[in-house]
Amino acid sequence: MAERTLDASGLRCPMPLLKTKLELNGMAPGDRLEVIATDAGSARDIPAFLALSSHTLVSSTEADGEYRFVIQCGG
């Protein structure tokens, strides 16, 4: 399983979500992606997108305005 990190810090909505989608498109099923974002909209947008996709949200945390998501790529 590959581990990738996407640093979307400083990007404003909808860029963190769009970059997350692009990154996941280039990954194999089972690979994990960690997304780091500072835009508060990401806390809503990324989980909402994942709920409608084949990908799985493994974990989601927020600390000091930084949002971290660990996503397992689906089929």
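Start with residues 6–30, where the chain is 44% helix and 12% strand and the end C-alpha atoms are 17 Å apart. Helices here are DSSP runs of H or I with at least four residues, strands are runs of E with at least two, and both are numbered from the N terminus. UniProt, in an unreviewed entry, places the feature "domain: UPF0033" at residues 6–30; UniProt positions are given in the numbering used here, feature names are shortened, and annotations may be inferred rather than shown by experiment.

This is a predicted model, in which local features need pLDDT of at least 70, side-chain atom pairs count only at pLDDT 80 or more, and totals for chains, interfaces and linings use all residues. Residues are numbered from 1 along each chain as its sequence is written, and side-chain values use heavy atoms, with hydrogens and water left out.

The protein chain has 2 helices and 4 strands, and from the N terminus on they run β-α-β-α-β-β.

Now the sheet. In what order do the strands of the open sheet stand? The order is β1-β2-β4-β3, with mixed pairing; two strands pair if DSSP finds at least two bridges between them. β1 (3–8) and β3 stand at the edges with a single partner strand each, so one side of each has no neighbour in the sheet. On average, neighbouring strands are turned by 15° against each other, direction ignored. For angles, axes are lines fitted to C-alpha atoms, for helices over the stretch in contact, and values run from 0 to 180 degrees between N-to-C directions.

β1 pairs with β2 (residues 32–37) in the parallel sense over 6 bridges. Glu3 has Arg32 in β2 as its bridge partner, and Thr5 has Glu34. The chain gets from β1 to β2 through α1, in a right-handed β-α-β crossover: with the strands pointing away from the viewer, the path from the first strand over the helix to the second runs clockwise.

Leu57 stands opposite Ile71 in β4. The two strands form a hairpin with 2 residues between them, and Asp64 in the turn has a positive phi of about 50°.

Last, α2 (residues 42–51) lies across β2, β3 and β4, and runs at about 10° to β4.

Conventions. Contact = heavy atoms within 4.5 Å.
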